[in-house]
Amino acid sequence: MKRRIAAVTAAATAVLVVAGCSSSSGGGKDGDKPGAKKTESAADRQAREYREAAKKDRAKMLEVAVAYGKAAALHDGEAFCRLMTDEGRPGKDSSFESCVKFRKPLDAEVRAGVEAASFSVTGNPVEVPAMGDHPAGTGVMVTEESKSDGSTSYHRTALRMVKVKGTWLVDQDEDVYDSEMKNSSPALSALMRSH
């Protein structure tokens with residue numbers, strides 16, 4: 001009888017030890033506990049860092065596109081030419097100085113109207129293949145919204161964005177025609193238009 005009681009006691013103790021261990025762990029992993037910090041694998045961390053870097057890079061590209069759109073509309077030659085690739089600059093020799101001279105300043109009345117306009121990137125950036133002298137890049141559409149006399153007008157420009165030594169620059173700009181707005185990517189359509 002003593003052996004039987006000892007065996008039952010040993011079995012009960014084993015059950016309690018197992019139950020105690022599993023209940024003290026809170027259901028398994030530390031990540032399952034509220035407020036517990038989850039451990040991140042090296043691969044997950046690398047993927048997260050890549051996504052964050054890509055997001056920052058895209059934001060920088062769009063920031064340059066909007067700054068270029070404003071500079072172009074305002075005829076701010078220095079800002080306009082600084083945001084372009086050497087090959088993309090207008091002017092007789094594509095130099096910075098020649099480019100700045102090419103952008104004639106606006107008169108005060110026209111400038112005031114442009115300064116009141118808003119600029120934004122519309123649509124999604126799209127990959128653009130190389131064409132002619134232009135390298136492959138990313139197509140972005142910048143929209144200028146102007147209001148005067150109770151009406152609103154829009155001017156859309158497609159930009160070919162390329163990275164030069166880690167910096168986003170504009171290599172090509174094209175007006176986006178109203179007829180191109182029905183395309184799935186108006187920016188791609190404008191940038192790939194043959195002249």
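1. Two rings of Phe, Tyr or Trp count as an aromatic pair if their centres lie within 6.5 Å. This is a predicted model, and a search of the whole structure finds one such pair. The partners are Y68 and F80. Their ring centres are 5.1 Å apart, and the planes make an angle of 25°. Stacked, edge-to-face or tilted? The pair is stacked, because planes under 30 degrees apart are classed that way, and the angle here is 25°.

2. Y68 has a relative accessible area of 1%, so it is buried. F80, at 3%, is buried too.

3. Confidence should be read before anything else. The mean pLDDT of the chain is 81, and 79% of the residues reach at least 70. Among the elements, helix α1 (residues 2–24) has the lowest mean, 44. Strand β4 (residues 167–175) has the highest, 96. Over residues 1–28 pLDDT stays under 50. For that stretch the model has four contacts beyond four places in sequence.

4. The overall layout comes next. The chain holds six helices and four strands. Their order from the N terminus is α-α-α-α-α-β-β-β-β-α. Of the 195 residues, 29% count as buried. Take the contacts with a separation of 6 or more: 45% of them join residues 24 or more positions apart.

5. How many residues does the largest nonpolar core have? It has 25. Y68 and F80 are among the residues with the most contacts inside it, together with F119, L159 and M161. Elements giving two or more residues are α2, α3, β2 (137–148), β3 (151–164) and β4. Helix α2 supplies the largest share, 10 residues.

6. Residues up to four places away in sequence are left out here. F119 then touches V66, G69, K70 and A73, as well as V114, V142, T143 and E144. There is also a second, separate core of eight residues. V126, V176, A190 and L191 are among its members.

7. C81 and C99 form it, with sulfur atoms 2.0 Å apart. The torsion about the S-S bond is -90°, and the link is left-handed. C81 lies in helix α3 and C99 in helix α4 (residues 96–102). The two are 18 residues apart, and the pair links distant parts of the chain.

8. Most residues other than glycine have a negative phi. H75 has a positive phi, near 55°, and is not a glycine. This residue is in the loop between α2 and α3. Its relative accessible area is 26%, so H75 is partly exposed. K165 also has a positive phi, about 50°, and is not a glycine either. K165 lies in the loop between β3 and β4. At 85% relative accessibility, K165 counts as exposed.

9. At 3% relative accessibility, Q172 is buried. Which residues does Q172 contact, leaving aside its neighbours within four places in sequence? They are M131, H134, A158, L159, R160 and L191. L159 is also named among the residues with the most contacts in the largest nonpolar core, and L191 is in the second core. The C-alpha atoms of Q172 and R89 are separated by 8.5 Å. Along the chain these two residues are 83 apart.

10. R193 lies over the face of Y177. The distance to the ring centre is 3.9 Å.

Terms used: Residues numbered from 1 in each chain as written. Predicted model: local features only at pLDDT ≥ 70, side-chain atom pairs only at ≥ 80, totals over all residues. Heavy atoms only, no water. pLDDT = per-residue confidence, 0-100. Contact = heavy atoms within 4.5 Å. Phe/Tyr/Trp six-rings, centres within 6.5 Å; stacked < 30°, edge-to-face > 60°. Buried < 20%, exposed > 50% of the residue type's maximum accessible area, 1.4 Å probe, protein only. Lys NZ or Arg CZ within 6 Å of the ring centre and 35° of its normal. Core = buried A, V, L, I, M, F, W, Y, C linked by side-chain atoms within 4.5 Å. Disulfide = S-S within 2.5 Å.
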